[in-house]
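Hi everyone, thanks for coming. Please have a look at the model on the screen, and then I'll walk you through it.

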Amino acid sequence: MQLDQFPRFPLAHLPTPLEPLTRLQAALGGPRLYIKRDDCTGLATGGNKTRKLEFLIGDALAQKATTVISEGGIQSNHVRQTAAAAAKAGLKCHLVLERNVPIDRPVYTAGGNLLLDRLLGATIHYCDPGETRATRSVKVMEEVRRAGEAPYYIPTGGSNAIGARGYAASMVELEQQAGSQGLRIDHIVVASGSGGTQAGLILGKAVTQSKATIIGIDVDHDPEPLMAAVRKIVQEGAAELGLGKIADEDFQLIPGYAAPGYGMPNAGMIEAVELLARLEGILLDPVYAGKAMAGLIDMVRRGRFGSEETVAFIHTGGTPALFAYADIFA
Ligand SMILES: *Cc1c(COP(=O)(O)O)cnc(C)c1O
């Protein structure tokens with residue numbers, strides 16, 4: 001099975017730019033640093049979920065769904081992108097949101113992504129205390145069915161084998177782009193939260209036979225279940241794409257940059273967000289790309305990469321979440 005044989009609904013501005021981080025590289029020393037601007041995918045402020053949603057919405061339309069249901073935390077970038085994708089595809093959208101981060105300032109509980117979810121026309125359901133997203137999603141699916149709609153369920157982060165196709169395809173894009181710029185990418189660094197992006201890149205590495213190592217940075221502060229999720233999606237994706245066994249060394253998830261917890265600020269993240277803004281004019285986000293960039297900066301400082309190597313950081317988006325954390329930046 002080839003990637004271009006799956007149903008796909010066009011949403012993203014592609015290819016996203018691959019740019020040198022000239023001033024950051026000069027400030028840090030070490031390897032050549034590039035950034036793949038998946039914050040510029042274009043859909044309602046963009047981000048990594050757009051690539052996944054091209055395949056997920058494509059599948060929903062192929063199944064004649066009329067309503068999309070997805071779930072996440074209240075500042076989820078994934079549900080915001082899902083609401084935008086559903087709007088563009090003419091599908092209704094229900095979002096199940098969980099208060100999964102112990103922050104109750106009004107900018108957090110009403111602004112940022114949540115403001116956009118409402119603006120994009122989604123119907124929002126909040127989990128009751130003690131209720132899981134999955135349980136509530138099943139209930140919402142039943143309600144929607146009773147109302148005569150045909151629901152299509154998208155899991156947290158759009159992270160399943162269907163969504164991961166978007167990131168397998170992005171490796172084809174990245175390899176072609178790097179080739180045309182005369183670059184060989186040795187390492188790819190990416191934030192990993194629900195695992196679909198990292199899994200897709202690992203699958204794309206097998207499809208393109210790229211030599212780049214894929215380095216996921218854990219943003220969950222709980223790497224074991226995340227690694228298991230990445231492995232499961234890779235296994236399913238490898239089966240549908242007819243790929244052989246994926247080597248064990250292709251699964252790299254680095255812990256240590258998420259403390260004190262998912263969505264909770266730390267000093268490394270704040271430094272990374274401020275550095276990228278002030279040296280490159282690039283806005284990272286405080287939950288994912290900021291922590292992953294903090295990981296990259298720390299690995300460069302520790303000499304993990306050779307000075308002749310090239311590292312590409314995937315900017316996975318999340319910019320609206322900055323506004324939900326307005327009070328932590330100088
Ligand atoms: C969802 C998200 C990620 C993590 O992607 P997963 O596929 O869930 O691992 C990274 N960055 C941003 C900005 C995101 O919204």
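Predicted model: local features only at pLDDT ≥ 70, side-chain atom pairs only at ≥ 80, totals over all residues.

Residues are numbered from 1 along each chain as its sequence is written, and side-chain values use heavy atoms, with hydrogens and water left out.

Let's start with the ligand. Which residues come nearest to the ligand? Of the 17 residues around it, those are Lys49, Lys52, Ser194, Thr197 and Thr316; a residue counts as near if one of its heavy atoms lies within 4 Å of the molecule. By type, this shell has twelve polar residues, three charged and two nonpolar. Here Asp, Glu, Lys and Arg count as charged, Ala, Val, Leu, Ile, Met, Phe, Trp, Tyr, Cys and Pro as nonpolar, and the others, Gly among them, as polar.

Where does the shell come from? Helix α2 (49-62), strand β7 (187-192) and helix α8 (196-208) each give at least two residues to it. Helices (H or I, at least four residues) and strands (E, at least two) are DSSP runs, numbered from the N terminus. Domain 1 (2-47 + 161-320) and domain 2 (49-158) each contribute at least three residues to the shell, with bounds from an automatic or database domain assignment.

Now zoom in on some polar contacts, meaning pairs of N or O atoms within 3.5 Å. Thr316 has a side-chain N or O atom 2.6 Å from a nitrogen atom of the ligand. For the ligand's oxygen atoms, look at Thr197, with a polar side-chain atom 2.7 Å from one, and at Asn77, where the distance to an oxygen is 2.9 Å. The protein covers 98% of the 380 Å² of accessible area that the ligand has on its own, using the Shrake-Rupley method with a 1.4 Å probe.

Finally, the backbone. Pro15 is in the segment before β1 (18-20), whereas Pro260 is in the loop between β9 (252-254) and α10 (267-280). Ala44, in the loop between β2 (32-37) and α2, has a positive phi of about 50 degrees although it is not a glycine.

Methods:
Polar contact = N/O pair within 3.5 Å; in protein donor to acceptor, adjacent residues only side chain to side chain.
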